[in-house]
Amino acid sequence: MLRSLVGSEMCIRDRYQRRVRARFRRLKTMKQDIHPDYHTIKVVMTDGTTFETRSTWGSEGDTMTLEIDPKSHPAWTGGARQVLEGGRVARFNKRFGGFSLKK
């Protein structure tokens, strides 16, 4: 009786594994005609350098000209320092920087 129970459990487990594998095989294949068309485009940076990349933007062989890139955007060029110079802490230090706590 113990052997038949083990055998039936094995049978149930095998059927389950077969179902899981079949489902995985169905999910593994991509659906047709729903994915965007990737093609190569040329990107021109603000300093004139170019590179080619794959994108869904435009069509094959188009040129994307950037107005802002990491070489010109304040977040990467130190423009954040200007924000800190004119911020609350800078105004506080400017206003109360001469005071000291010495007796």
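Two residues are in contact when heavy atoms of theirs lie within 4.5 Å. The legends below describe a predicted model.

Figure 1. Read from the N terminus, the elements follow the order α-β-β-β-α-α-α. Of the 103 residues in the protein, 9% are buried. The exposed surface comes to about 10,000 Å², and carbon and sulfur atoms supply 57% of this area. Among contacts between residues at least 6 apart in sequence, 6% join residues at least 24 apart.

**Figure 2. The open sheet of three strands.** The strands lie in the order β2-β1-β3, and their pairing is mixed. Strands β2 and β3 (63–65) are the edge strands, each pairing on one side only. On average, neighbouring strands of this sheet are turned by 35° against each other, direction ignored. In general, strands of a sheet pair through backbone hydrogen bonds, in either a parallel or an antiparallel way. Here β1 and β2 pair in the antiparallel sense over six bridges, while β1 and β3 pair in the parallel sense over three bridges.

Figure 3. Across from Ile-41 stands Thr-53 in β2. The bridge partner of His-39 in β2 is Ser-55. On the β3 side, Lys-42 stands opposite Thr-63. The hairpin of β1 and β2 has five residues between the strands, and Gly-48 in this hairpin takes a positive phi near 100°.

Figure 4. Ser-55 belongs to strand β2, which covers residues 50–55. Is Ser-55 buried or exposed? Its relative accessibility is 16%, so Ser-55 counts as buried, because the limit for buried is under 20%. The side chain of Ser-55 reaches the backbone nitrogen of Trp-57 at 2.9 Å. Not counting residues up to four places away in sequence, Ser-55 touches Asp-37, Tyr-38, His-39 and Ile-41.

**Figure 5. Close-up of His-39.** His-39 is placed in strand β1, residues 39–44. With a relative accessible area of 5%, His-39 is buried. Which backbone atom of Trp-57 does the side chain of His-39 reach? The side chain of His-39 reaches the backbone oxygen of Trp-57, at 2.9 Å. For Ser-55, the atom reached by the side chain is the backbone nitrogen of Trp-57. Leaving aside neighbours within four places in sequence, His-39 is in contact with Thr-53, Arg-54, Ser-55, Thr-56, Trp-57, Gly-58, Ser-59 and Glu-60.

Figure 6. A search of the whole structure finds one aromatic pair. The pair is formed by Phe-92 and Phe-96, with 5.1 Å from centre to centre and 50° between the planes, and is described as tilted. In general, the distance of the centres and the angle of the planes are what describe a pair of aromatic rings. Why are Phe-92 and Phe-96 separated by about one helical turn? Both residues lie in helix α4 (residues 88–96) and are four residues apart, so about one helical turn separates Phe-92 from Phe-96. Phe-92 has a relative accessible area of 49% and is therefore partly exposed. Phe-96 is partly exposed too, with a relative accessible area of 36%.

How values were computed. Residues numbered from 1 in each chain as written. Predicted model: local features only at pLDDT ≥ 70, side-chain atom pairs only at ≥ 80, totals over all residues. Heavy atoms only, no water. Helix = DSSP H or I, 4+ residues; strand = E, 2+ residues; numbered from the N terminus. Buried < 20%, exposed > 50% of the residue type's maximum accessible area, 1.4 Å probe, protein only. Polar contact = N/O pair within 3.5 Å; in protein donor to acceptor, adjacent residues only side chain to side chain. Pairing = 2+ DSSP bridges. Axes fitted to C-alpha atoms, helices over the stretch in contact; angles between N-to-C directions. Areas by Shrake-Rupley, 256 points an atom, 1.4 Å probe, with all protein chains shown as cover. Phe/Tyr/Trp six-rings, centres within 6.5 Å; stacked < 30°, edge-to-face > 60°.
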